[in-house]
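Dear colleague,

I am passing a structure on to you below, and I would be glad if you could look through it alongside the notes that follow.

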Amino acid sequence: MKSDYLSDKALKGLNTIGDIMVPAGEGFPSFSELGCIEHIDTVLCHAPAEDIQDLNAFLGLLSMCPKFIVRILINTTEKARKSEGKLAPTLRLLNAALRGIVFTLYYSGKHGKEYMGQTPPDIIGFELKCVPED
Amino acid sequence: MYDAIVVGSGAAGGVLAYNLNKSGAKVLLLEAGKDFRAKTFPKTEAEASPELFYGGGIEFDKRTTMGFLRARCLGGTTIVNQALLDRFDDVAFDDWRADTGVDWFSQDGLIRDYDAVEEKLEFTYIKEKHRNKSAHKFIDGMEKTGYEWGALRRGQGNCATDQGQDCIDCLNGCKRNSKQSTLVGYIQDAEREGLEIKCDFSVEHFEDNGDTVKVYCRHSGQDKVFETKKLILSAGSFGTTQILLKAELKHRLSAVGTGFTTHPQFLMFGVFDEIIDAHKGAFQSVKSDDPRFRPRGFKLENVYAQPIGISQLSPAIGLDFHRYMMKYRHISCVEVAVRDEATGTIALNSKGRLTIQKDLTDQDKSRSQDGLSIIREVLSAAGATEVIEGDIHFGLHLMGGARMGVSADDSVVDPEFKVHGMENVMVCDSSLFPNAPGINPSLTIMAMAHKLATQLSDRKVG
């Protein structure tokens, strides 16, 4: 797949992060199995160019790291949600950005071309009815 | 040359533009966001966040502990809020008057304006038979623990929740023209009467030339300049303050960017054995109405969100994330909103981007803990088998940054909405709030906008 915003390396890095945050199990597909990353441009379409540049650099770097290093980093950002210290605000911001992208794509109801199973909103039984007035 | 340019189309801007246009003035309404209507609002939660909000959905304070939701679309935050429209009480206005010396800060001072807004919009209370199960759990828990509750007063027309409609969808823009946003209540009417609207126009700064004001904007990567007799900033606490800071008014008015407050909201989830479906039907219909809570500085409301919103609050990642999300339909959620101290600041960094400092004071923390302990009690009494506390709190009511007052020493705007020392530049939105009222602010912002529009019409602007 191609993105207007993220490089191939960055997409690979995002899939690695996505599978750590949202692995397969409990009846759910993993982030990469779902293929929701194909819709990344919907999430990033209004992000400032500067932020996209930083994201590309960060995800591109992670794509070259061993998975255990990426896991340590993700767990560190998760712990920062409830901790103090000089680095905590930056780690929390990173955590919010990664959760924002990964969880939004995962629960967007969208999937990749090759995925044939239920989407996560279907699995949790989420449905909405809103019929516009004529 | 316009008689008035209104910057921002939310609770204040929409009302101002409508009333000034109606009085015969030549008005331009500028909105930084896009022009969405009932038929064109984003269809899903995933599309709505980047399309309708700044920051791709959420912005954070400097410490990344508080998330702010700020709309960016025609109609502003009134498009994405829950249209909970209440008048302020004496507690709020008495504090404002004592803090600022502005004598019209009172229920009587705004009575004609409240009346006019309420005449223009539709209101409703959700009937008992149409409340969803989450609301019933909240009521059950409140009654069992001896606290008083009440129905929320909602600005809405025909939501048809009795026909199985799920009104949580309107947090992404109401597809039925039911929610009483300024788009539905004012802007569309004004548009039919000839109001000029320009969307995707971001105001960068302005230049006050004495008789007229030049307004500098960015639109599709191009610079645009407009000239007007009166400039009214109604871009909300962040937007208006950002424009004032870019105009370098901080040098002259030290109060610019100070006194930011936001009614911080803390969520708690009660997990029940049975299916609750808090997202179905009229998902927000009740609140606390206990006289003991007001002096303690908090209130409770029954709320929820769609899966993406709830997923962001997950206490874990990995398989535990899946286990948490499987509880989605079993959760009843209650929030405590705190009447916080106005100690926050809004500033610009070296790149001209907003930086928000909003640390909770000891009093704010104490109030939130007080409210959360009551929620825990209420949810447990209602039968929750597990209670989960959210670890991030939110600011949905963005207020302050350009407070109103009689003196330029400690305020930005005078009692006639004029920026101190400027005859033709005005501020009218939540940024002029001197402190947190502890009540949903939309209706009062609209009433203030009506007051200013009447004042300008009386002086025959245009």
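Two residues are taken to be in contact if their C-beta atoms, placed from the backbone, lie within 7 Å. Please keep in mind throughout that this is a predicted model.

On that basis, the contact between the two chains draws 36 residues from chain A and 38 residues from chain B. On the side of chain A that touches chain B, the elements giving two or more residues are helix H3 (40-44), helix H5 (67-79) and helix H6 (88-106) of chain A, and the largest share, 8 residues, comes from H6(A). By residue type, this side of chain A divides into 20 nonpolar, 8 polar and 8 charged residues.

As for chain A itself, its secondary structure comes to 7 helices and 0 strands, which read along the sequence as α-α-α-α-α-α-α. The C-alpha trace of chain A spans about 55 × 30 × 30 Å along its principal axes, and buried residues make up 34% of its 134 residues. Of the contacts in chain A with a separation of 6 or more, 67% are accounted for by residues 24 or more positions apart.

S14(B) and S15(B) form a hairpin with 5 residues between them, and in the turn B:Gly352 has a positive phi of about 80°.

With best wishes

How values were computed. Residues numbered from 1 in each chain as written. Chains lettered and ligands numbered in written order. Predicted model: local features only at pLDDT ≥ 70, side-chain atom pairs only at ≥ 80, totals over all residues. Helix = DSSP H or I, 4+ residues; strand = E, 2+ residues; numbered from the N terminus. Nonpolar A, V, L, I, M, F, W, Y, C, P; charged D, E, K, R; others polar. Buried ≥ 20, exposed ≤ 12 C-beta atoms within 10 Å, placed from the backbone. Pairing = 2+ DSSP bridges.
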